[in-house]
Amino acid sequence: MKQTPFDTRTFRSALGTFTTGVTIITTVSEDGDLIGLTANSFNSVSLEPPLILWSLAKSSAAVPFFTESKNWNVHVLSVEQEALSTRFATKGEDKFAGLDYEEGINNVPLLNNCTARFQCRTAFTYDGGDHIILVGEVLNFDKSDLPPLVYQDGHYALTAKKPYEGVNLSSSSDAVKSGYTEDLLGYLLGRAHFQMIHSMRARLQEHELDELQFFILSVLCIQDKQSLEQLNSFIDYTGQSVTADEMETLIQKELVALDKQGEIYQLTGEGREVSVHNIAQARAIEESLGDQLGAGDIMALKLLLKRVISKTDPGLPDLWSNSNDNNNE
């Protein structure tokens with residue numbers, strides 16, 4: 001490995017390659033003021049007795065509050081709390097304004113929706129160069145299944161559990177040589193999609209519906225009264241197009257109706273009921289998968305898929321956004 005000249009900036013960058021969780025530490029001053037800050041210098045020390053530590057820069061205005069107070073809480077943030085992390089890392093604002101929190105031991109704020117929370121009493125403090133190291137005895141703790149927010153190389157990141165044994169993480173040499181691999185992202189996304197909707201096909205067949213017709217009904221269920229052109233703009237990502245003949249089939253099934261001008265389609269009562277039941281079935285499939293993977297992995301997966309959608313979006317309209325705009329009118 002190449003020797004890096006030692007300087008503070010490079011040293012900090014090198015330390016930043018170590019992935020850490022993100023925490024918010026809270027306490028209460030002698031005057032009853034609520035104090036909180038973001039820190040990623042958290043670590044475990046001992047199981048028996050239960051001890052943890054974190055460090056605070058000596059230049060921080062919060063030093064006297066944490067050195068004078070005997071109680072403080074450590075919150076391991078969940079992936080959905082990125083904004084909260086930024087809020088508590090920002091100076092000069094009321095960090096607790098409008099927040100939903102509880103009162104922990106000795107009235108120290110206890111934030112909600114975290115991956116884990118530790119209520120502590122100061123056991124020791126040490127000089128750590130330009131930081132103060134605070135070691136706390138854990139008096140109480142709790143945890144959830146939410147995936148943790150992590151920080152690596154100056155950026156927030158996502159975590160996912162390592163797959164169970166039996167899942168091949170690497171491509172075989174034969175697959176690579178052939179120019180195709182089961183690690184191809186498009187293949188994985190496509191196969192996951194078709195396997196998830198496999199169990200839905202039986203229900204669709206009960207109503208003599210195909211997947212395109214399911215998409216049409218789902219779009220109208222989210223945002224009713226659409227022209228043929230509008231429907232196609234929302235379904236374009238499927239690679240299929242809706243024709244007037246396709247819509248006529250749904251009209252004959254009494255699932256969709258056409259307005260008097262012959263331009264706008266909307267769900268009938270029967271169509272809405274069928275669509276709601278189909279969406280409920282899709283939700284049940286998702287919940288079943290969540291039971292197998294865990295809520296944390298499902299949340300991380302959704303966030304990653306949203307990023308994929310955002311990065312590959314050719315400029316298609318956002319159905320949910322348009323629906324919300326219409327509902328606010």
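This report describes selected helices, nonpolar cores and loop residues of a predicted model.

## The pair of helices H7 and H8

Helix H7 spans residues 211–222 and helix H8 spans residues 228–235; their axes come within 10 Å and cross at roughly 110°. Because angles of 65 to 115 degrees count as roughly perpendicular, H7 is described as roughly perpendicular to H8.

On the H7 side, the contact is formed by Leu212, Phe215, Ile216, Val219 and Leu220, which meet Leu231, Phe234 and Ile235 of H8. The residues of this contact comprise 8 nonpolar, no polar and no charged ones.

## The buried face of H8

Which residues of H8 are buried? They are Leu231, Asn232, Phe234 and Ile235. Viewed down the axis of H8, these buried residues fall within an arc of 160°, and therefore they line one face of the helix. Leu231, Phe234 and Ile235 also take part in the contact with H7.

Ile235 illustrates the surroundings of this face. When residues up to four places away in sequence are not counted, Ile235 touches Leu212, Phe215, Ile216 and Val219, as well as Gln240 and Val242.

The largest nonpolar core of the model has 23 residues. Within this core, the residues with the most contacts are Leu209, Ile216, Leu217, Ile235, Met247, Leu250 and Val256. Several elements contribute to the core: H7, H8, helix H9 (244–252), strand E15 (264–267) and helix H10 (269–293) each supply at least two residues. The most is given by H7, with 8 residues.

Helix H3 covers residues 82–89, and its buried residues are Leu84, Ser85 and Phe88. These three residues cover an arc of only 105° around the axis, so they are placed on the same side of H3. On the face turned away from the buried side, H3 carries the exposed residues Ala83 and Ala89.

## Backbone features in loops

The peptide bond from Glu48 to Pro49 is cis, and its omega is near 0°. Pro49 is found in the loop that lies between strand E4 (43–46) and strand E5 (51–57).

Two residues have positive phi values without being glycine. For Lys225, phi is about 60°; this residue lies in the loop between H7 and strand E13 (226–227). For Glu254, phi is near 60°, and Glu254 is located in the loop between H9 and strand E14 (256–258). Are these residues buried or exposed? Lys225 counts as exposed because its relative accessibility is 55%. Glu254 likewise counts as exposed because its relative accessibility is 58%.

## Gly269 in H10

Gly269 lies in helix H10. With a relative accessibility of 60%, Gly269 counts as exposed. Gly269 and Ala257 are 12 residues apart along the chain, and their C-alpha atoms are separated by 9.9 Å.

Definitions and conventions:
Residues are numbered from 1 along each chain as its sequence is written. This is a predicted model: local features need pLDDT of at least 70, side-chain atom pairs count only at pLDDT 80 or more; totals for chains, interfaces and linings use all residues. Side-chain values use heavy atoms; hydrogens and water are left out. Axes are lines fitted to C-alpha atoms, for helices over the stretch in contact, and angles run from 0 to 180 degrees between N-to-C directions. Helices (H or I, at least four residues) and strands (E, at least two) are DSSP runs, numbered from the N terminus. Angles under 35 degrees count as roughly parallel, over 145 as roughly antiparallel, 65 to 115 as roughly perpendicular and the rest as oblique. Contact means heavy atoms within 4.5 Å. Ala, Val, Leu, Ile, Met, Phe, Trp, Tyr, Cys and Pro count as nonpolar, Asp, Glu, Lys and Arg as charged, and the others, Gly among them, as polar. Buried means under 20% relative accessible area, exposed over 50%, partly exposed in between (1.4 Å probe, protein chains only). The arc is that of the directions from the helix axis to the C-beta atoms. A nonpolar core is a set of buried Ala, Val, Leu, Ile, Met, Phe, Trp, Tyr and Cys residues joined through side-chain atoms within 4.5 Å.
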